[in-house]
Amino acid sequence: MNEKDEMGVGFEQYYQELFRYAVYLTKNREQAEDLVGNAVYKFLLAIEKIPEEQQKFWLLRVIRNEFIDHERKRKRWQISSFHKMKEMLLSNTDMEQELVDKEKKEKLAAIIATLQSPYKEVIFHYYYSEMSVKEIQDYYGMSTSQVKTILYRGRNKIKERLLDEGIRGI
């Protein structure tokens with residue numbers, strides 16, 4: 001039996017368990033297939049570094065981490081959902097204020113999208129990706145003072161555009 005055949009037997013052995021775990025996490029068959037596929041892809045890239053006895057657990061951990069990352073992204077970018085609207089209606093909150101706040105956030109996102117590089121990227125990573133100044137510095141190869149200066153100038157550009165459009169209090 002060659003190495004490919006052995007690897008295939010290993011995946012057949014683990015696949016059902018990996019898939020069941022992914023379905024348990026996601027409650028969605030298609031998303032579970034994506035998680036397992038991503039885990040297998042990452043596994044193939046790192047196969048030489050993973051001891052044979054740890055492969056199954058490594059794959060399970062990758063699936064879990066991919067799921068957590070996906071959920072974070074989904075929650076971060078979710079503008080409005082049925083559950084949020086339902087909660088607003090049930091909790092008797094001031095819907096008009098919520099809509100005004102939503103419009104302000106959408107306008108802010110649109111203004112950020114129109115900024116030039118590097119302001120747009122640094123502000124995006126700092127506020128939306130929640131990266132620290134140190135992480136942004138390492139990612140772009142900038143100094144700490146450069147990152148802080150870009151954040152400062154970017155915020156000022158956003159303030160100017162908001163004031164130009166008559167939006168206050170964001």
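Colleague: In which loop is the place of Pro118?

Modeller: This is a predicted model, in which local features need pLDDT of at least 70 and side-chain atom pairs count only at pLDDT 80 or more, while totals for chains, interfaces and linings use all residues. Residues are numbered from 1 along each chain as its sequence is written, and side-chain values use heavy atoms, with hydrogens and water left out. Helices (H or I, at least four residues) and strands (E, at least two) are DSSP runs numbered from the N terminus. On that basis, Pro118 belongs to the loop between helix H5 (95–114) and H6.

Colleague: Which residue is joined to Pro118 by a cis peptide bond?

Modeller: As background, most peptide bonds are trans. At this place in the model, however, omega is about 0 degrees, and the cis bond joins Pro118 to Ser117.

Colleague: How many helices and strands are there in the protein chain?

Modeller: Read from the N terminus on, the elements run α-α-α-α-α-α-α-α. The count for the protein chain is accordingly stated as zero strands and eight helices.

Colleague: How are H6 and H8 oriented to each other?

Modeller: Two packed helices are described by the angle between their axes and the distance between the axes. The axes are lines fitted to C-alpha atoms, for helices over the stretch in contact, and angles run from 0 to 180 degrees between N-to-C directions. Helix H6 (residues 119–128) and helix H8 (residues 144–164) pack at about 100 degrees, their axes being 9 Å apart. Angles under 35 degrees count as roughly parallel, over 145 as roughly antiparallel, 65 to 115 as roughly perpendicular and the rest as oblique, and H6 and H8 are therefore roughly perpendicular.

Colleague: How many nonpolar, polar and charged residues does the contact of H6 with H8 have?

Modeller: Contact means heavy atoms within 4.5 Å, and among the residues that meet are Val122, Ile123 and Tyr126 in H6 and Val147, Leu151 and Arg155 in H8. Ala, Val, Leu, Ile, Met, Phe, Trp, Tyr, Cys and Pro count as nonpolar, Asp, Glu, Lys and Arg as charged, and the others, Gly among them, as polar. Sorted in this way, the contact of H6 with H8 has nine nonpolar, one polar and three charged residues.

Colleague: Which residues of H7 make the contact with H8?

Modeller: The axes of helix H7 (residues 133–140) and H8 cross at roughly 110 degrees and come within 9 Å, and H7 and H8 are therefore roughly perpendicular to each other. On the H8 side the contact is made by Thr144, Val147, Lys148 and Leu151, and on the H7 side by Val133, Ile136 and Gln137.

Colleague: How many aromatic pairs does the count come to?

Modeller: Rings of Phe, Tyr and Trp (its six-membered ring) pair if their centres lie within 6.5 Å, and planes under 30 degrees apart count as stacked, over 60 as edge-to-face and the rest as tilted. By this rule the number of aromatic pairs is three.

Colleague: What is the angle between the planes of Phe43 and Trp58?

Modeller: Phe43 lies in helix H2 (residues 29–46) and Trp58 in helix H3 (residues 55–77), 15 residues apart. Phe43 is buried, with a relative accessible area of 3%. The pair is tilted, with 6.0 Å from centre to centre and a plane angle of 55 degrees.

Colleague: Is Lys27 buried or exposed?

Modeller: Lys27, in the loop between helix H1 (3–26) and H2, has a positive phi of about 60 degrees although it is not a glycine. With a relative accessible area of 65%, Lys27 counts as exposed.

Colleague: Which residues does Gln55 touch, not counting residues up to four places away in sequence?

Modeller: Gln55 is found in helix H3 and counts as buried, at 14% relative accessibility. With that sequence limit applied, Gln55 touches Tyr14, Phe43, Ile47 and Ile50.

Colleague: How far apart in space are Gln31 and His70, C-alpha to C-alpha?

Modeller: Gln31 has its place in helix H2 and counts as buried at 18% relative accessibility. His70 is one of the residues that Gln31 touches. The two are 39 residues apart in sequence, and their C-alpha distance is 9.9 Å.

Notes: Buried < 20%, exposed > 50% of the residue type's maximum accessible area, 1.4 Å probe, protein only.
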